[in-house]
Amino acid sequence: MSGPGGLLDRLRLPADWRERLTPHAPDGLSSRLLLLTVLFTLAVQALILGPNAASFHERWLQDRLQAAELASVGVEALPYSAVDDQTAEQLLRIGGVSAVAISDQGVMRQLLQAPNLTRAPDFIDLRRRSLAARLWDPVRTLFGPPDRSIRARAAPRYRSGDFIDVVAPAEPLKIELRAFLLNSLLVSILISVVAGGLLYTGLSFLVLQPLRRVTRSIEGFAADPQTVAPTPSDRHDEIGRVERELASMQEEVRQALRSRSRLVALGEAVAKINHDLRNMLTSAQIASERLADSADPQVAKALPRLERALGRAAALTRNVLDYGKSEEPEPVLDRIVLAAAASSAAEDAGLDGQGVRLVKSIPPRFAVQADADQLHRILVNLMRNARQAIEGDATRATRRKGPLGSVRIEGSSEPGWCVIRIIDDGPGIPPRLSERLFEPFVSGGSADRTGLGLTISRELAANHGGELRLVETGPTGTTFEVRLPG
């Protein structure tokens, strides 16, 4: 015999309906939901059960009072001596009471004498009863002793008089009250189960099944992001919004992963191209060095331009490779004397006394805690940018012979920080570029610059737990500040 799954396969229902009709074992959320529904229904029934028990208790006493009152009216309405005392006693006991008394105009008259009781009966005045007392009466009856009696008082309904008193044994009331509570409890359980089942079924269709679809979509996406996600439903509630937002997010992640794959492939291709290009540039530089010995004046005139072009090409390949690294290594901190580091960086940045010179305003023996290689790269990038900005200033060409400008490096200490400032007297950075200066491939210089130097330098400073920022720029020069933990 085939199971429900085989039957559903033969029916060829849509996947959405197959999911709804396939039986599921209660999972964490659904089982909690079903349990909470039952518990809440039972709690509501328990709150109702107390007032119901009080009403049943009071109604039982009222019935006994009315039965005794009607029997007393019948006995007193018969002609004198038409009913003997034994018959009258039997009529009065029909109502289940053991004593009956009537008060009329302040005179108490005993219609049925109470037998000898082992204990005084508990008095309940049904004419004046607070809510707390009414709720407490059933508890006293349920847990009272077997020989307990109740003396109930109420206003007469079928005869004149002030009130009518009856004494009734509490044991019959206890038995009937227990049966009433048991029936009420069974009804409450039945209502709870039915309400819980209906609520669970409704929420399963409306909430749990869509949540299962969302969960499966997330799990499938985590296993294979390229898997095509199911089409979101056209619901307009919160779950429909979740499905659509999830589908949109998954598509964005897929696009990002595809872009990342393309970038990885492009990066590998660029790295190979740069490797081959650097080998070619090395060969070209060797050839240019041999051309330096040539006596041809045309060669001597073109050689500086060739060397500058080769240098810019080499710098371009080096910067692209540096930026393409996945991450910088952790800095190996050491105590570095800033003056010596500045001199070394200035040499690699092309600063000299004939063109753009370096000015050091550093306290004696001022040192920073940094990685020597990474600090050198930061200083070289900043000094080279400053030199290129000064050399590219057209107004400098009208100056007399001598240094074109200067790059000043300053060092100072602040609480918890070592501050390095690179200050040049160049033309400044255009305002349109100052806000995007640290973005990759954004350059304020000539077209042969990659715009990666400041980006790499900022990442290196952040790698130390510090920062690189532009302090000010203008026609009189530019100031960059490097802050490193001291």
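# Salt bridges and helix packing

With a relative accessibility of 39%, D147 counts as partly exposed. This structure is a predicted model, so treat everything below as a tour of a prediction.

- R119 has 40% relative accessibility, so R119 counts as partly exposed.

**Other salt bridges**

- How many salt bridges does the count come to? The count comes to 19 salt bridges.
- D125 pairs with R128 in one of them, with 3.2 Å between the closest N and O atoms.
- Is D125 buried or exposed? D125 counts as buried because its relative accessibility is 8%, and the cut-off for buried is under 20%.
- R483 counts as buried because its relative accessibility is 12%, whereas E414, at 31%, counts as partly exposed.
- R483 and E414 also belong to a network of salt bridges that links them with R421, E467, R469 and E481.

**Helix α9 against helix α10**

- Helix α9 (residues 338-348) packs with helix α10 (residues 372-391) at an angle of about 55 degrees, and their axes are 8 Å apart.
- Because of that angle, α9 is oblique to α10.
- The crossing of α9 past α10 is right-handed.
- Which residues of α9 and α10 meet? On the α9 side they are L338, A341, A342, S344, A345, A346 and D348, and on the α10 side they are L375, H376, L379, V380, M383 and R384.
- Sorted by class, the residues of this contact between α9 and α10 are 9 nonpolar, 2 polar and 2 charged.

**Helix α10 against helix α12**

- Now follow α10 to another partner: α10 and helix α12 (residues 453-463) pack at an angle of about 150 degrees, with 9 Å between their axes.
- Here α10 passes α12 in a left-handed crossing.
- From α10, the residues Q374, R377, I378, N381, L382 and N385 take part, meeting G453, L454, I456, S457, L460, A461 and N463 of α12.
- The contact of α10 with α12 has 6 nonpolar, 6 polar and 1 charged residues.

**A stop at Q66**

- Where is Q66? You will find Q66 in helix α3 (residues 28-77).
- Q66 and P156 are 90 residues apart along the chain, and 7.9 Å separates their C-alpha atoms.
- Leaving out residues up to four places away in sequence, Q66 touches R157 and Y158.

Definitions and conventions: Residues numbered from 1 in each chain as written. Predicted model: local features only at pLDDT ≥ 70, side-chain atom pairs only at ≥ 80, totals over all residues. Heavy atoms only, no water. Axes fitted to C-alpha atoms, helices over the stretch in contact; angles between N-to-C directions. Helix = DSSP H or I, 4+ residues; strand = E, 2+ residues; numbered from the N terminus. Parallel < 35°, antiparallel > 145°, perpendicular 65-115°, else oblique. Left-handed = near helix turned anticlockwise from the far one by under 90°. Contact = heavy atoms within 4.5 Å. Nonpolar A, V, L, I, M, F, W, Y, C, P; charged D, E, K, R; others polar. Salt bridge = Lys/Arg side-chain N within 4 Å of Asp/Glu carboxyl O. Buried < 20%, exposed > 50% of the residue type's maximum accessible area, 1.4 Å probe, protein only.
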